[in-house]
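Here is a short report on one structure. Look it over first, then read on for a guided tour.

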Protein chains: 2
Amino acid sequence: MKKIYIGMLGCGTVGTGVAKLLIRQKALIESRLGASLILKHVADIDIARDRGIFFDEGVLITDASKVVNDPQIDIVVEMIGGQGIAKELILKAIKNGKQIITANKALLAMHGSELFKASEANHTDLAYEASVGGCMPIIKSLRESLIANQIQAMTGILNGTCNFILSKITVEHCTFHEALAIAQAKGFAETDPTLDVEGYDTAHKLALLNAIAYGMKVNYNDIYIEGITRITPLDIEFARQFGYKIKLLAISKNRGGTVEARVHPAMIPFDNLLSEINGSLNAITVVGDAVGDIILYGHGAGMMPTASAVVSDIVDLARNLLNGAVGRVPALSFQTDAIKNIPVLPIDELRTHYYFRFAAIDHPGVLSKIAGVLGDHNISIKSVHQKGRKSDGAVPVVMMTHIAQEASVKKALAEISALEIVTGKPVLIRIEDKNGEDGN
Amino acid sequence: MKKIYIGMLGCGTVGTGVAKLLIRQKALIESRLGASLILKHVADIDIARDRGIFFDEGVLITDASKVVNDPQIDIVVEMIGGQGIAKELILKAIKNGKQIITANKALLAMHGSELFKASEANHTDLAYEASVGGCMPIIKSLRESLIANQIQAMTGILNGTCNFILSKITVEHCTFHEALAIAQAKGFAETDPTLDVEGYDTAHKLALLNAIAYGMKVNYNDIYIEGITRITPLDIEFARQFGYKIKLLAISKNRGGTVEARVHPAMIPFDNLLSEINGSLNAITVVGDAVGDIILYGHGAGMMPTASAVVSDIVDLARNLLNGAVGRVPALSFQTDAIKNIPVLPIDELRTHYYFRFAAIDHPGVLSKIAGVLGDHNISIKSVHQKGRKSDGAVPVVMMTHIAQEASVKKALAEISALEIVTGKPVLIRIEDKNGEDGN
């Protein structure tokens with residue numbers, strides 16, 4: 001049986017899962033692949049820690065350069081994370097003609113162009129299925145299964161930490177900080193949760209998906225990003241009363257010459273299947289012009305689900321090696337010369353439905369004043385609700401709008417915020433209804 | 001730009017969709033594939049019909065043998081259906097070294113072994129993504145993305161016609177025959193709906209999925225099959241009251257040395273996402289030992305969604321041709337010598353939860369008599385409900401059981417059926433709760 005040699009850089013949670021799968025599922029993988037995957041070297045600073053795996057003598061080493069320079073190693077799996085040494089080692093491995101696999105979305109979102117270019121120039125494959133959506137085969141589905149589709153939109157719950165926290169706030173009516181503490185205690189959130197809760201991780205993933213869906217450059221910096229730190233149980237409860245759930249969404253829409261690309265908490269109606277995705281699960285809806293909606297759902301993180309995606313990449317690249325077919329599918333789905341500079345729609349030009357919550361003095365005429373300002377900015381109100389108990393002398397006034405433009409909304413909210421009858425900062429949450437469903 | 005020549009056999013609904021995609025998305029496909037797909041010949045008996053496509057002179061022909069014998073044609077797409085001429089033409093095309101694509105699940109379920117063997121012997125690819133789940137990439141996901149997983153179970157809604165009919169009965173409280181008539185009027189059901197409503201089509205698909213998931217032979221004949229023709233609005237309403245929906249499911253479970261493989265209407269709880277799949281949509285849950293649950297959802301039929309899957313196969317095989325990598329992924333996921341004879345668990349040995357409905361004389365002691373028979377057969381009752389209006393002098397008695405064995409259930413129901421206090425045939429619907437969730 002032919003052998004393919006694997007070297008792994010970093011053996012943290014996911015790396016450990018990859019090693020476990022390669023060792024435990026050896027016979028199963030061979031019966032499918034028809035070749036043997038040999039994990040020759042795993043480089044990690046900490047080789048003493050018990051990972052629950054029996055590595056053969058000499059497999060676990062501390063010197064990463066031994067992995068990228070070993071002439072026998074065919075495929076290098078980068079599991080270090082971050083943008084420093086990981087990038088250097090990948091570039092070195094590419095130069096040495098290795099096939100590359102990574103789950104490092106931050107690195108690809110920030111330095112993807114350089115890495116993909118290097119990989120193409122050296123005629124090696126660079127695979128990254130595990131970087132988006134854990135075990136969900138979203139990269140493969142976009143690159144291979146939806147190949148005959150103009151992708152029209154994608155809407156994803158792509159960060160398990162945020163989804164866990166929002167689910168907790170929803171069920172337990174706790175604050176964001178209480179929910180975060182629970183997530184941290186359960187290992188669903190990092191000690192420094194910034195990357196997750198501020199939406200950056202979701203945006204890294206969206207940048208990659210946009211590139212392969214639309215044939216555009218990986219443009220993380222153009223994505224509008226808003227995290228979940230200001231989401232309150234009150235807004236979640238109002239959302240519920242109106243038939244919505246609040247989720248942190250990655251949203252992109254193909255608008256012809258431009259693309260909407262944004263990450264923010266959004267209200268989605270109960271009849272949208274994404275509203276049912278709770279806890280640390282991930283899901284994504286892709287709309288293609290031929291297929292209509294397709295949805296993938298699965299564990300977006302965790303040792304074994306993510307490792308499963310990494311090993312699927314290993315087998316894919318092994319198959320390319322065994323068949324002399326390296327470069328069979330372009331890394332970014334499109335041929336390099338077909339990748340375009342498609343601009344992202346500035347957030348100010350977004351047109352969507354909005355939910356506002358104002359803390360207003362309980363006083364006649366308040367509503368008409370707020371409505372007046374909105375009217376001045378061409379924002380048409382769909383429904384108004386003045387509900388709940390007074391707190392600090394103010395009552396919550398909640399409004400849902402027809403489709404309005406973000407720039408006008410911002411101006412209107414700034415004006416309303418300055419009114420004496422309004423206390424505190426107005427809350428704005430965008431609503432993801434079916435587009436233009438209400439005709440305006 | 002390199003050219004790959006396609007020949008198509010049959011140009012009905014899906015075939016027309018394939019031709020439309022190849023013509024209309026030509027530039028998009030080229031920008032992804034880096035090669036040109038040329039639809040050289042389309043053979044159909046009826047070349048006069050307006051399909052809304054402009055075929056170049058000489059493309060549309062009546063002689064199918066011209067397609068399979070044309071030395072320039074690389075890939076033959078079989079869109080005829082049925083098991084007669086379709087099989088002959090595929091075998092002829094394989095003999096001529098053509099790559100084959102089909103969406104013909106009936107053919108593959110009945111004659112797959114012969115066809116896959118011929119394809120392997122002639123070193124050609126035989127792809128069939130569109131045969132299961134329309135546009136959902138379930139074949140690719142099982143064969144490539146879940147490669148490092150022991151598949152533990154699959155539960156699918158794989159027939160849009162049945163799902164449409166059951167959704168109609170649920171929403172409109174009509175009979176099966178009324179719902180079928182609506183489905184036929186809307187084009188969701190054939191004039192002869194047997195293949196769909198009796199569950200055969202779903203079983204064809206399950207036979208293929210089982211083969212690629214578990215590495216077993218395509219064994220359509222071993223699958224237990226029960227259709228939806230006896231589902232009544234009354235049972236759907238009872239199901240709803242108990243927190244369940246009724247769906248026609250394809251169910252398979254890996255029981256170690258054996259596999260459960262069955263197609264029948266089943267009750268699934270509201271918190272199972274499959275219960276939310278309405279109308280003609282399809283969805284499937286796959287459980288893998290590394291990934292846990294993953295779900296795919298999408299249009300399981302229809303011209304363009306199915307055509308999208310066919311074209312994804314065309315591009316896949318074109319990539320193999322362009323890279324000299326024919327046979328890169330084994331047709332049935334496993335290497336031929338690794339495919340085993342895994343027996344299917346006889347339905348009598350099934351152990352699951354059951355819903356029963358009896359029409360019983362409204363009379364004291366009835367319940368204890370029925371319960372007595374069930375007890376004699378070791379069937380433990382979880383809940384009993386005697387509800388609703390009397391009709392023909394009988395009232396419905398509904399029971400949900402703990403886990404029981406099918407053979408005992410059959411015997412018990414036969415005995416109960418013979419009781420004078422019971423009129424008509426008892427109704428039995430299997431329940432798909434999480435396995436053994438109630439501990440017995």
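In α1(A), the buried residues are A:Val14, A:Gly15, A:Thr16, A:Gly17, A:Val18, A:Ala19, A:Leu21 and A:Leu22. Buried means that 20 or more other C-beta atoms lie within 10 Å of the residue's own; exposed means 12 or fewer, partly exposed is in between, and C-beta atoms are placed from the backbone. Helices (H or I, at least four residues) and strands (E, at least two) are DSSP runs, numbered from the N terminus.

Helix α1 spans residues 13-24 of chain A, 12 residues in total. From first C-alpha to last it reaches 16 Å, close to the 16 Å expected at 1.5 Å a residue. The expected span is 1.5 Å times one less than the number of residues. The cover over its buried residues includes β1 (2-9), α2 (26-33), β2 (35-43), β4 (75-78) and α12 (303-322) of chain A. Contact here means C-beta atoms, placed from the backbone, within 7 Å.

## About the model

This is a predicted model: local features need pLDDT of at least 70, side-chain atom pairs count only at pLDDT 80 or more, and totals for chains, interfaces and linings use all residues. Residues are numbered from 1 along each chain as its sequence is written, while chains are lettered from A and ligands numbered from 1 in the order in which they are written.

pLDDT is the predictor's confidence in each residue, from 0 to 100. Chain A has a mean pLDDT of 95, and 97% of its residues reach 70 or more. Over residues 436-440 of chain A the pLDDT is below 50. Beyond near neighbours in sequence, that stretch has 4 contacts in the model. The model scores ipTM 0.95 and pTM 0.96.

## Helix α11

Helix α11 of chain A covers residues 233-241, and its buried residues are A:Asp235, A:Ile236, A:Phe238 and A:Ala239. They cover an arc of only 160 degrees around the axis, which puts them on the same side of α11(A). The arc is that of the directions from the helix axis to the C-beta atoms.

These buried residues pack against α7 (160-172), β9 (244-254), β10 (259-269), β13 (351-361), β15 (394-401) and β17 (422-431) of chain A. Just after α11(A), A:Gly243 takes a positive phi of about 90 degrees.

## Two copies

Chain A can be laid on chain B by a turn of 180 degrees and a shift of 0.0 Å along the axis, with an RMSD of 0.1 Å. The two copies are thus related as by a two-fold rotation axis. Superposition is by least squares on the C-alpha atoms of residues with pLDDT of at least 70 in both.

Technical notes
Two residues are in contact if their C-beta atoms, placed from the backbone, lie within 7 Å.
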